[in-house]
Amino acid sequence: MIDLHTHTTCSDGTDTPRELVNKAIVQGIEVLGITDHDTISGWQEATQTLRGSLQLALGAEISCLTHDGVSVHMLGMLFDPNHQEMQKVLEETRDGRLPRMRKMIEKMRAGGMDISIEDVEEAMPVGATMGRPHLADALVSKKIVKSRDEAFIDLLHNDSPFYVSHAAPTPAEAIALIRRAGGVAVIAHPFASHRGQILKSEDFADLVLAGLNGIEVDHRDQNPDERGMLRVIAHELDLVITGSSDYHGTGKLNSLAENQTSREQWERLEAQSDARRVVRA
Ligand code: AMP
Ligand code: ZN
Ligand code: FE
Ligand code: FE
């Protein structure tokens with residue numbers, strides 16, 4: 001079992017890195033990718049918890065924004081954690097999330113909702129990358145909605161009047177950065193159309209020129225037609241195909257390893273980083 005995309009309390013997941021690694025061991029996962037939003041702060045605890053035959057593919061899910069304002073998530077894995085420019089870009093993206101959250105809250109208050117930045121800070125672990133799921137949790141504790149899911153459906157989706165984007169690199173910039181840092185770049189759930197505006201099929205060629213290594217095809221937010229189109233694009237452009245859970249603990253319905261990456265595709269992907277960076281116990 002290979003699951004290359006998961007989240008912890010270092011961003012908007014609900015398991016600590018230690019709890020996640022322990023669950024992966026219990027479930028017999030062979031390779032676990034930990035990809036918190038715009039941070040590598042969980043890498044150390046995950047590595048310290050590692051034992052047995054589990055291997056870690058450490059990474060980050062980098063928030064990107066196209067020039068047309070389309071939100072894209074880029075999975076960077078197996079890169080050098082000491083790469084200065086990578087550290088700087090991740091930090092800048094995280095920093096942009098506080099003013100963005102304030103703007104979303106302003107809009108919600110103008111819409112009559114009793115919610116504040118303090119409510120959001122209370123709803124999130126210290127040091128986590130601040131995101132909409134934390135706002136969703138704050139809305140749940142204020143009894144404005146019943147669940148994270150309901151918050152996204154009614155108020156927080158990408159086309160909602162309360163949605164605000166934050167400063168982020170373009171997908172091509174993020175890919176080039178991941179490759180300069182020695183890692184591999186896999187575009188996350190590119191056709192998750194129900195979330196809002198998505199890339200077009202013809203956008204992928206430029207991403208390949210930037211150094212894209214793979215496409216996440218098997219993901220719960222992509223239906224069979226969307227997966228089929230992505231498989232065709234991956235074959236045409238000779239890209240690795242991955243599948244993953246995008247596990248967020250109790251924060252989302254996704255269960256660990258509900259979608260997986262084949263051994264063959266994983267080996268192909270791993271061979272494209274500039275050093276063997278998989279962590280073994
Ligand atoms: P942000 O990075 O702040 O824009 O928030 C994006 C995060 O919201 C991603 O991690 C998504 O997994 C999460 N998300 C998107 N849609 C939903 C949903 N319907 N329920 C729960 N979380 C969601
Ligand atoms: Zn998330
Ligand atoms: Fe994502
Ligand atoms: Fe994710």
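The side chains of Arg227 and Asp218 meet in a salt bridge at 3.3 Å, N to O, a salt bridge being a side-chain nitrogen of Lys or Arg within 4 Å of a carboxyl oxygen of Asp or Glu. Both Arg227 and Asp218 are buried; buried means under 20% relative accessible area, exposed over 50%, and partly exposed in between, with a 1.4 Å probe and protein chains only. This is a predicted model, in which local features need pLDDT of at least 70 and side-chain atom pairs count only at pLDDT 80 or more, while totals for chains, interfaces and linings use all residues; side-chain values use heavy atoms, with hydrogens and water left out. Residues are numbered from 1 along each chain as its sequence is written, and chains are lettered from A and ligands numbered from 1 in the order in which they are written.

**Further salt bridges**

- The structure holds 17 salt bridges.
- One of them joins the side chains of Lys142 and Asp119 at 3.6 Å, N to O. The pair links distant parts of the chain, 23 residues apart: Lys142 is in the loop between α6 (132-141) and α7 (148-156), and Asp119 is in helix α5 (residues 117-122). Helices (H or I, at least four residues) and strands (E, at least two) are DSSP runs, numbered from the N terminus.
- Lys142 is partly exposed at 33% relative accessibility, whereas Asp119 is buried at 16%.
- Arg263 and Glu267 form a salt bridge at 3.8 Å, N to O. These residues are 4 apart in helix α11 and are therefore separated by about one helical turn.
- Arg263 is partly exposed at 37% relative accessibility, as is Glu267 with a relative accessible area of 44%. Salt bridges that share partners join Glu30, Arg263 and Glu267 into one network.

**Zinc ion (ligand 2)**

- The protein donors are Asp12 (OD), Asp12 (OD), His37 (NE2) and His248 (NE2), lying 2.1 to 2.5 Å from the zinc ion. Donors are N, O and S atoms within 2.8 Å of the metal (3.2 Å for Na, K and Ca); water is not among the atoms, so sites may look incomplete.
- His37 lies in strand β2 (residues 31-37) and His248 in the loop between β7 (240-243) and α11 (263-270), so the pair ties together parts that are 211 residues apart in sequence.
- His37 is buried, with a relative accessible area of 9%, and His248 is buried at 4%.

**Iron ion (ligand 3)**

- Glu61 (OE), His73 (ND1) and His189 (NE2) are the protein donors, at 2.1 to 2.2 Å from the iron ion. The spacing of these donors along the chain is E-x11-H-x115-H.
- His73 lies in strand β4 (residues 71-77) and His189 in the loop between β5 (184-188) and α9 (204-210), so the two tie together parts that are 116 residues apart in sequence.
- Both His73 and His189 are buried.
- The iron ion and the zinc ion (ligand 2) are 5.7 Å apart.

**Ligand 1**

- A polar side-chain atom of Asp12 lies 2.9 Å from an oxygen atom of ligand 1. The corresponding distance is 2.7 Å for His37 and 3.0 Å for Arg97.
- Taken alone, ligand 1 exposes 510 Å², of which the protein buries 90%; accessible areas come from the Shrake-Rupley method with a 1.4 Å probe, and for residues only the protein chains shown count as cover.

**Thr6**

- Thr6 is found in the loop between β1 (2-3) and α1 (17-27) and is buried, with a relative accessible area of 0%.
- A polar atom of the Thr6 side chain lies 2.8 Å from the backbone oxygen of Gly33.

Definitions and conventions. A polar contact is a pair of N or O atoms within 3.5 Å; within protein, one must be able to donate a hydrogen and the other to accept it, and residues adjacent in sequence count only if both atoms are side-chain atoms.
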